[in-house]
Amino acid sequence: MVPNSPEQTEAGDLAAFWMPFSANRYFKQEPRLIAEAAGMYYTTSGGDSLLDGTAGLWCVNAGHGRREISTAVGDQLARLDYAPTFQLGHPLAFKFADRLAGHLPAGIDHVFFTNSGSEAAETALKIARAYQKRRGAGERWRLIGREKAYHGTNFGGVSVGGIVNNRRAFGPLVPGTDHIRNTFDLERNAFTRGLPEYGDEHADDIEQLVQLHGAETIAAVIVEPIAGSGGVFMPSRGYLRRVREICDRHDILLIFDEVITGFGRLGEAFASQRFDVTPDLICMAKGLTNGVIPMGAVGVTGTIYEAFMDTGAPRGHAIELFHGYTYSGNPAACAAGMAALDIYEREGLFTRVRELAPYWEDALHSLADAPNVIDVRNFGLIGAVHLASKPDAVGERGFAAFRHCFDHGALIRVTADIIALSPPLIIERAEIDRLIETLHDGLKAVAQAH
Ligand SMILES: Cc1ncc(COP(=O)(O)O)c(C=O)c1O
């Protein structure tokens with residue numbers, strides 16, 4: 001496939017758009033532009049078809065171009081384009097929150113709407129601190145995240161996040177944040193199928209921070225049940241339960257950032273259900289609207305919600321939480337979310353992954369003998385192929401694999417030399433075969449060239 005030149009595209013001059021998380025200069029010399037999408041496929045502006053191995057950015061769980069969603073959004077916009085949700089409301093926001101609560105783990109029964117995963121993380125961290133104050137534990141303000149974690153790009157999320165490139169340019173970050181190790185253990189767990197055996201003790205790092213700071217200073221621990229953007233790291237089998245137990249022991253809130261694990265990616269609506277560990281707050285976004293309209297949300301327990309509602313004095317007009325966004329519960333986003341839930345429910349997409357997972361696992365692990373592969377990881381419909389980095393050029397092999405696959409009709413995603421796969425949940429077995437074959441050929445080609 002010949003890369004699109006600006007002349008070939010309808011994009012015109014590419015200079016003005018400062019692209020996020022991108023090599024702008026390289027891209028603008030050799031643009032890769034997407035023009036259309038349907039089902040499992042993108043079409044480039046050059047007319048080539050691209051099998052979507054990443055569900056966009058882990059968000060298009062029901063596949064592309066779902067008419068039901070665009071129709072629902074169009075109808076909603078014609079009926080009510082915008083209404084504030086500050087001291088006002090519109091029915092769909094309440095309906096959507098109620099329906100969403102039905103899919104969240106038992107006990108998480110209130111929903112705060114945001115516009116993105118970053119804002120969901122930010123909102124969860126703020127609610128955690130405010131809740132501690134509300135219940136008279138105002139000295140609990142420390143927030144604990146993990147190394148290599150990704151919780152979006154706002155200051156709170158970056159501060160508890162653990163990806164060095166996302167942090168180093170932006171300091172000083174939010175004070176009172178600290179980190180535990182992540183769960184990656186190549187030596188003991190390489191090529192494990194499903195959740196690895198070793199590493200539960202990584203959760204005990206929280207105990208060390210309790211020793212260091214005192215439990216009475218810690219508001220919350222935030223983790224991705226499976227870390228995605230940092231490089232796809234699985235928790236060991238008992239890890240999340242142990243994290244929950246330690247948080248309970250010290251009366252610390254637990255936040256699951258389920259922005260990528262939510263909406264069926266692991267074979268249940270949420271990872272919390274799949275792993276049978278319930279946090280106090282859940283961040284979500286992406287699959288919430290099938291990626292169609294920007295939206296995020298935070299689910300919280302009744303205990304947290306009620307702590308804010310119980311103001312003591314009967315001050316009916318008092319605002320309980322000074323936080324929110326102009327577009328919290330935006331009508332078009334709620335309509336997209338309702339229609340996405342219709343599809344997920346009707347097509348059984350939350351549980352379809354369980355049927356597909358063994359096939360996915362076998363296909364992925366067939367890459368174990370490809371050149372430079374030092375680990376293959378999988379769970380649900382997530383996969384990672386970890387390449388040995390070139391000592392003098394970290395990320396070169398990963399990017400070359402991405403380019404090869406793009407040029408041969410498949411979209412994969414890379415974090416340095418870790419290839420992440422997370423296709424729409426509608427993928428068929430033959431498409432899994434194609435994706436893996438293209439990647440296999442790519443890894444061979446990359447090994448020859450790099
Ligand atoms: C776990 C997690 N949290 C937060 C975010 C940020 O979401 P957004 O890009 O919608 O702000 C992401 C995005 O990849 C994510 O994976």
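Guide: Two strands pair if DSSP finds at least two bridges between them; strands (E, at least two residues) and helices (H or I, at least four) are DSSP runs, numbered from the N terminus. This is a predicted model, in which local features need pLDDT of at least 70, side-chain atom pairs count only at pLDDT 80 or more, and totals for chains, interfaces and linings use all residues. Residues are numbered from 1 along each chain as its sequence is written.

Seven strands form an open sheet with mixed pairing, in the order β4-β10-β9-β8-β7-β5-β6. The edges are β4 (108–114) and β6 (177–180); each has a single partner strand, so one side of each is left without a neighbour in the sheet. On average, neighbouring strands of this sheet are turned by 25 degrees against each other, direction ignored. Axes here are lines fitted to C-alpha atoms, for helices over the stretch in contact, and angles run from 0 to 180 degrees between N-to-C directions.

Within the sheet, β7 (residues 218–223) pairs with β8 (residues 253–257) in the parallel sense, over four bridges. Ala220 has Leu253 in β8 as its bridge partner.

Helix α5 packs on the sheet and touches β4, β5 (142–146), β7, β8, β9 (281–284) and β10 (296–301). Contact means that the C-beta atoms of two residues, placed from the backbone, lie within 7 Å. The direction of α5 makes about 30 degrees with that of β10. Helix α12 (residues 302–309), by contrast, runs at about 90 degrees to β10 and lies across β4 and β10.
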